Amino acid sequence: MTLGVSNISCVRGHKPLFAPVSFSLQAGQALHVEGDNGVGKTSLLRIICGLSPADAGEVLWNGKALNRLHPEAVEAFRATLCYMGHNLSLKDELTALENLLFDAQVAGRSLSHDTAMDALRKMGLNTRAHLPLRVLSQGQKRRTALARLSVTDAKLWVLDEPFVALDAQSLDSLCVLLASHVQQGGMLLYTSHQAVALSQPHGPAVDIRPLRLVGA
Amino acid sequence: MIWQAFCAVLRRDLLLAWRRKSEGLSAVFFFVVVAALFPLGIGPELNVLRNIAPGVLWVGALLSSMLALQRLFEADFRDGTLEQMALSPIAMPLLIGAKMLAHWLVSGLPLVLLAPVLGLQFDLSGEALVTLTFALLLGTPILSLVGGVGAALTLGVRGGGVLLSLLVLPLFVPVLVFGAGAVEAQVSGLGVQAHLSILMAMLLPALFFGPLASAFALRIALE
Amino acid sequence: MNMFRANFWLHYAGPQAFYGLAGRLWPWCAALAVALGVWGLWLGFMVAPADAQQGEGYRIIFVHVPASWMSMVIYMAMAFWSVLGLTFNTRLSGMMTRALAPTGAMFAFLSLWTGALWGKPMWGTWWVWDARLTSELILFFLYLGYIALTSAIDDQRRGDRAGALIAIVGAINVPIIYFSVKWWNTLHQGASVSLTKSPSMAQVMLWGMLLMAMCFWLYTIALVLYRVRTTILQRESHTAWVQTIVQEAA
Amino acid sequence: MIWESWTQFWAMGGYGLYVWGSMGVTSGCMAIEVWQARSAHHQHLAQLRAEHEGHL
């Protein structure tokens with residue numbers, strides 16, 4: 001399982017956003033995308049996921065370019081991908097539990113009621129699971145979205161600013177979740193302004209590779 | 001698995017529509033009000049009303065489904081749900097098809113059910129009312145399916161609402177012609193078979209290509 | 001002939017090469033358009049005799065019919081470039097489609113305008129809900145929709161692709177619209193008018209019309225090439241070769 | 001030549017208004033279109049030149 005990125009660049013207006021980016025990510029590795037505001041971190045993640053096209057270069061999954069020429073590679077890639085962007089794709093009118101259940105089904109995964117409740121409990125939302133999201137605080141909404149990570153079987157996590165708007169306790173539990181994902185052979189790709197150490201309780205810290213985006 | 005995802009999207013959208021009742025109902029009320037305005041503008045002469053009824057009811061249905069179309073993808077676009085659909089391993093046209101079905105059940109089906117009642121105000125005969133209902137039953141899904149492409153293309157675009165009508169209304173002409181034509185043919189004693197078959201013949205390809213083209217348009221909008 | 005090799009076409013599909021090619025071609029097209037226009041109008045107004053039924057009024061066909069043809073041809077050309085653009089992802093396609101649209105809309109408008117001016121003396125009314133006129137009106141709306149959509153989207157690539165999709169959807173619908181309007185027209189037994197099918201159309205009238213049609217073709221080609229050059233300059237303004245051109249022009 | 005005088009030519013057998021109305025609007029539209037394309041081209045060139053000089 002390899003994610004390869006070779007010479008990706010992205011043009012907005014007439015100007016390239018960042019200098020061409022290349023890296024490869026194996027199972028059990030984490031990559032932290034850093035860079036100044038507006039340098040294109042979100043754009044890079046969206047290109048890697050296949051939401052936007054790259055202006056040059058390509059994204060490879062297990063050595064095959066992710067484009068129209070290889071539809072089966074794209075499908076296999078999507079089945080192993082879990083993307084969380086700025087917009088959390090939560091519905092205010094649905095309860096936290098409903099959000100979690102519907103989301104899994106749309107992603108083609110089956111999720112039992114109990115597993116979902118369990119995941120919400122881990123995020124400290126057990127008393128809130130049956131309330132419409134409208135009445136939850138911003139932090140609680142983010143935790144609802146993050147609860148998805150503990151129920152997904154996707155191997156590649158692509159997270160845009162996952163640590164924003166979390167209190168100390170939920171930050172810790174998220175770090176544990178990310179660390180155990182990577183140490184169990186998952187792949188993690190995230191952007192963040194803050195440097196956060198990922199480790200399981202009493203375990204070794206995950207070796208995070210930095211990737212610094214620089215303006216072109 | 002695929003079926004499960006289809007049902008999940010359908011159930012979610014229906015549930016959302018149920019919890020946001022006022023949104024869905026406004027387009028239906030619009031239809032009722034527009035249909036009631038015509039006699040006021042034209043006069044209560046029953047012969048005239050009977051003649052214009054098919055056209056008026058169809059144009060009303062057309063405009064009210066235009067209004068509803070603006071909300072088809074709007075919320076999902078803003079909150080990131082569409083991104084998740086685009087990245088799902090389930091084929092996107094299928095998920096979009098489920099959304100369109102839900103949308104039609106909420107905004108199209110009520111028009112079909114209300115039309116006969118409104119037709120009574122225009123003194124349409126029993127058979128004409130039946131024909132009107134059947135024509136709307138076949139025609140309103142086409143409006144949702146074709147209009148979905150326009151709704152997807154105008155997402156997040158300046159002046160999206162007006163633009164949507166400019167893009168989509170010309171494409172609705174065939175549905176209007178055959179839909180209203182069916183009722184007129186019924187009233188004037190000609191068979192309605194031909195009109196309804198043609199509507200059916202337009203519905204089938206629309207069922208296939210509508211979600212496909214909309215999914216493609218949504219990917220463009222998400223770029 | 002190297003014209004039949006794929007490389008040849010790919011070469012000219014690149015903006016820089018196309019800029020040069022278009023720059024060399026458009027003056028010839030424009031000159032030819034003027035020559036054909038003068039010749040066509042000469043035949044139409046100085047040589048062709050008056051029509052037996054319509055008198056001198058028929059001379060409107062020398063612009064009306066070619067304008068109607070062009071409005072349809074241009075929409076098909078837009079659909080063609082759109083298919084090409086969506087399948088091969090060439091940058092040129094979007095520019096061509098966008099450059100074609102205003103001219104197509106203009107011809108659709110001219111077709112409606114001259115149709116109305118013809119209708120008034122011939123059938124006593126400016127507008128008839130005839131199948132052809134009605135479909136032409138809807139075609140005009142389709143052009144307006146395309147132009148409105150592409151100009152409302154700020155991102156170039158997104159605008160190109162969205163426009164391509166709506167152009168294709170429109171092109172698929174044009175025959176269906178025409179068919180439905182025709183059906184509607186026969187059902188209502190309204191004005192069914194034959195504008196051009198006078199059976200014994202004099203040879204010279206036909207020639208005048210064909211020459212005018214060719215004039216409009218070349219006018220369109222010249223103008224589209226010219227417009228695409230402007231768009232290329234704008235879109236490729238950051239490249240070295242455009243900088244050189246700008247420098248030389250200064 | 002089929003016309004005996006210019007007046008006859010302009011009158012177009014009583015259809016002058018319609019025939020010349022069509023021709024006039026057609027040529028007017030084309031002229032506007034050509035003028036617009038030209039001015040857009042020159043405007044872009046001028047703008048690019050200004051940007052270019054700004055860079056120097």
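## Helices 5 and 6 of chain A

In this predicted model, helix 5 (residues 138-151) of chain A and helix 6 (residues 168-183) of chain A have axes that come within 11 Å and cross at roughly 15°. Axes here are lines fitted to C-alpha atoms, for helices over the stretch in contact, with angles running from 0 to 180 degrees between N-to-C directions, while helices (H or I, at least four residues) and strands (E, at least two) are DSSP runs, numbered from the N terminus. The crossing angle makes helix 5 of chain A roughly parallel to helix 6 of chain A, given that angles under 35 degrees count as roughly parallel, over 145 as roughly antiparallel, 65 to 115 as roughly perpendicular and the rest as oblique. The crossing of these two helices of chain A is left-handed; a crossing has that hand if the near helix is turned anticlockwise from the far one by less than a right angle, and is right-handed if clockwise.

On the side of helix 5 of chain A, the residues that meet helix 6 are A:Gly139, A:Arg143, A:Leu146, A:Leu149 and A:Ser150, and their partners in helix 6 of chain A are A:Ser170, A:Leu174 and A:Leu177. Two residues are in contact if their C-beta atoms, placed from the backbone, lie within 7 Å. By class, the contact of helix 5 with helix 6 of chain A has four nonpolar, three polar and one charged residue, where Ala, Val, Leu, Ile, Met, Phe, Trp, Tyr, Cys and Pro count as nonpolar, Asp, Glu, Lys and Arg as charged, and the others, Gly among them, as polar.

## The two domains of chain A

Chain A is divided into domain 1 (1-80 + 156-216) and domain 2 (91-154), with bounds that come from an automatic or database domain assignment. The centres of the two domains of chain A, taken over C-alpha atoms, are separated by 23 Å, and the contact takes 11 residues from domain 1 and 11 residues from domain 2. On the side of domain 1 of chain A that touches domain 2, strand 9 (156-160) and helix 6 of chain A are the elements that give two or more residues, and helix 6 of chain A gives the most, with four residues.

## Helices 2 and 6 of chain B

In chain B, helix 2 (residues 21-42) and helix 6 (residues 92-121) pack at an angle of about 25°, with their axes 10 Å apart. That makes helix 2 of chain B roughly parallel to helix 6 of chain B, and the crossing of the two is right-handed. Among the residues that meet are B:Phe31 and B:Val32 in helix 2 of chain B, and B:Leu111 and B:Leu114 in helix 6 of chain B. The residues of this contact in chain B divide into 11 nonpolar, three polar and no charged.

## Contacts between chains

Between chains A and B, 24 residues of chain A are in contact with 24 residues of chain B. Helix 3 of chain A gives the most to the side of chain A that touches chain B, with four residues.

Between chains C and D, 34 residues of chain C are in contact with 24 residues of chain D. Helix 4 of chain C provides the largest share of the side of chain C that touches chain D, 10 residues, and this side of chain C has 19 nonpolar, 10 polar and five charged residues.

## Confidence and numbering

The predictor gives the complex an ipTM of 0.89 and a pTM of 0.90. The mean pLDDT (the predictor's confidence in each residue, from 0 to 100) of chain D is 87, and 95% of its residues reach 70 or more.

Local features need pLDDT of at least 70 and side-chain atom pairs count only at pLDDT 80 or more, whereas totals for chains, interfaces and linings use all residues. Residues are numbered from 1 along each chain as its sequence is written, and chains are lettered from A and ligands numbered from 1 in the order in which they are written.
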